[in-house]
Amino acid sequence: MPPRPKPPPPTHFLCIPLVTPTSRPQLAASLSAFKEEVTLPPPQGFSLPETAIRPLGTLHLTLGIFSFPPPLSPLVNGDRSGASIPPSEGRLEKAKSVLAGLNLREMWSSVKKEGEPDQPRVTLRGLASMHPLPKTAVLYAPPTDENFTGSLQRFCESVRERFLQVGEEGEKLMVEDGRPLLLHTTIVNTVYVKGRDKQRHRGRHGKERMVVEKAGDIIERYEDQVWMRDVGVERVAICKMGAKKVLDGEGGETGEEEYEVVGEVEF
C-alpha cells in the first residue's frame, strides 16, 4: 500500500483576536505574573523557559485552519528552488470574501440565550493540556461565557461552519479534520523552544519536541487563574501563520509579537 500523502502545511487560520483595549490590561498583568512565577526554579516555579510563554499580542481563539500553499515554481535548470511564489491567491481571496460577508451580530443573535448581551463575551480561566500530560508541549486557557450558557461555543461553530461549507470534496476552503471545535487560547507552547535538550518526546512524524515538565502541577496551581474576565468579542480575523516580532519606530524589537492580519470583520 502506498504511503499516505502528507497533509498540506497550514498557512493561515481563522480566529477571534483576544487583545482589545479592554482586555489588554487584564491579559498583560496575568500573563506577566504567570511568566515571572513559572520561570523560577523549584519549589517557587517550574523552570519553564521564558520563550515557552506565548507573547501577549498572539493570544486568540482558533476557529479553523487554512492551507493555501504556493504552487511549485517553474523548473529552472531542473531545479524548483527559485524565488518564493505567493500563496494560492484565488482561495485566499475567497476566504476573505466569505469573512467579509459575515453578519456577526445576526449570527450571534441566532445562538444567544435570552438576556445575554449584544455581542459574545469571553472569560479565560484555568489551564488545560492539549496532549496527554507526560507528552504535552501545549497548555491552554479554556474560554467560557461568564454565565456558562454555551452560546460562545455555538457562535464560534456557526462562524466556522460558513467556511467548512465552501468548496467541493478534496478542495474544501478550510482544512477539515473531523474533530469537534476545541476553543482554546495557548498560554504555554514549548514546541519552538531552542537550546534545551532535557525531557524531549518524539512526536508525530518522528519530530522531537520539548515537553512541559510538571504539567500536571502547573495546571493544578493555576486551576483558578483568571486571565481575563467578561471581555466582548470585537472582530473575527484571518491571520497568517507565524507570529512576527513587533518593531518600534526606529526598527528595534519591542519584545512583543503578533500575527499578520490579512482580513477581518468587526462586530
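Guide: Welcome! Residues are numbered from 1 along each chain as its sequence is written. In this predicted model local features need pLDDT of at least 70, side-chain atom pairs count only at pLDDT 80 or more, totals for chains, interfaces and linings use all residues, and side-chain values use heavy atoms, with hydrogens and water left out.

Visitor: How many helices and strands are there in the chain?
Guide: Helices (H or I, at least four residues) and strands (E, at least two) are DSSP runs, numbered from the N terminus. By that count, the chain has five helices and 14 strands.

Visitor: How many of the residues of β1 are buried?
Guide: Buried means under 20% relative accessible area, exposed over 50%, and partly exposed in between (1.4 Å probe, protein chains only). In a regular strand, side chains alternate between the two faces of the sheet. H12, L14 and I16 point one way from β1, F13, C15 and P17 the other way, and all are buried. For strand β1 (residues 12–17) the count is six of six.

Visitor: Which residue in β11 is the bridge partner of C15?
Guide: Two strands pair if DSSP finds at least two bridges between them. β1 and β11 (residues 235–240) pair in the antiparallel sense over four bridges. The partner of C15 there is A237.

Visitor: Which strands stand at the edges of the open sheet of three strands, and why is one side of each left without a neighbour?
Guide: The sheet has the order β6-β3-β10, with antiparallel pairing. Each edge strand has a single partner strand, so one side of each lacks a neighbour in the sheet; these are β6 (143–144) and β10 (226–232).

Visitor: At what angle does helix α1 run to β10?
Guide: Axes are lines fitted to C-alpha atoms, for helices over the stretch in contact (heavy atoms within 4.5 Å). Angles run from 0 to 180 degrees between N-to-C directions. Helix α1 (residues 23–38) lies across β3 and β10, and its angle to β10 is about 170 degrees.
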